[in-house]
There are 2 protein chains.
Amino acid sequence: MNIIKVSSESRTSAVAGAIAGVVREQDHADVQAIGAGAVNQAVKAVAIARGYLKEDGISIICLPEFTSVDIGGKERTAIRLVIETR
Amino acid sequence: MNIIKVSSESRTSAVAGAIAGVVREQDHADVQAIGAGAVNQAVKAVAIARGYLKEDGISIICLPEFTSVDIGGKERTAIRLVIETR
């Protein structure tokens, strides 16, 4: 499964484009972020992607959840934003 | 309309409880945050609230959007997380 990984340095418009592209193909996308700066960029990207997809008549919803990821042998808690169409 | 305002200092479990309470009564809640720290707390609170409400058989979705707010005469961009049931 492809996960769109977002960092605090990610450009929101680029992430939004990635989300929109994956949703158009698969009706679903998973966006993952670790830390406040990254989560903020991810949420803004989803807001922008909603606008992009609305133009195509696609309405997306966001389901936030916690997930554990392994970063260099250390377990970190990440936020995953599951994106679905409705 | 009542808006649940979240800051970077907000306790996620308290915000989650507020979201769950408002959704149980109104099938809808608006959560607002300004800045990365606040948006992070808000998203974590929604993830926790999803768990609380799932126990009641209520499934919530999150619709992130940008909104403008007036803070001491200055216009700031906030993130609003619109919470709906599905």
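A:A45 is buried, with a relative accessible area of 0%. The model is predicted. A:A45 sits in helix α2 of chain A. Setting aside neighbours within four places in sequence, A:A45 is in contact with A:T12, A:V15, A:A16 and A:I19. The C-alpha atoms of A:A45 and A:S13 are separated by 6.3 Å, although these two residues lie 32 residues apart along the chain. With a relative accessible area of 0%, A:A45 counts as buried because the cut-off is under 20%.

**Symmetry**

How does chain A lie on chain B? A turn of 180° with a shift of 0.0 Å along the axis does it, at an RMSD of 0.0 Å. The two copies are therefore related as by a two-fold rotation axis. The same surface serves both copies, and 100% of the contact residues of chain A recur in chain B. Which residue of chain A comes closest to the rotation axis? That residue is A:C62, with its C-alpha at 2.5 Å.

**Interface**

| Property | Value |
|---|---|
| Residues in the contact | 22 residues from chain A, 22 residues from chain B |
| Buried area | about 1800 Å² |
| Part of that area from carbon and sulfur atoms | 70% |
| Salt bridges | four salt bridges |
| Polar contacts | five residue pairs, both at pLDDT 80 or more |

Three elements of chain A give two or more residues to the side that touches chain B: α2 (36-54), β3 (60-71) and β4 (74-85). Of these, which gives the most? Helix α2(A) does, with 10 residues. Helix α2 of chain A is also the place of A:A45.

What kinds of residue make up the side of chain A that touches chain B? They divide into 14 nonpolar, three polar and five charged. As for the area buried between chain A and chain B, carbon and sulfur atoms give 70% of about 1800 Å².

Charged side chains also meet across the interface of chain A and chain B, where the rule finds four salt bridges. In one salt bridge, the side chains of A:E84 and B:R86 meet at 3.2 Å, N to O.

**In brief**

On the side of chain A, α2(A) gives the most. Within that helix, A:A45 is buried.

Note on methods
Residues numbered from 1 in each chain as written. Chains lettered and ligands numbered in written order. Heavy atoms only, no water. Least-squares fit on C-alpha atoms with pLDDT ≥ 70 in both. Contact = heavy atoms within 4.5 Å. Buried area = accessible area lost by both parts, 1.4 Å probe. Polar contact = N/O pair within 3.5 Å; in protein donor to acceptor, adjacent residues only side chain to side chain. Helix = DSSP H or I, 4+ residues; strand = E, 2+ residues; numbered from the N terminus. Nonpolar A, V, L, I, M, F, W, Y, C, P; charged D, E, K, R; others polar. Buried < 20%, exposed > 50% of the residue type's maximum accessible area, 1.4 Å probe, protein only.
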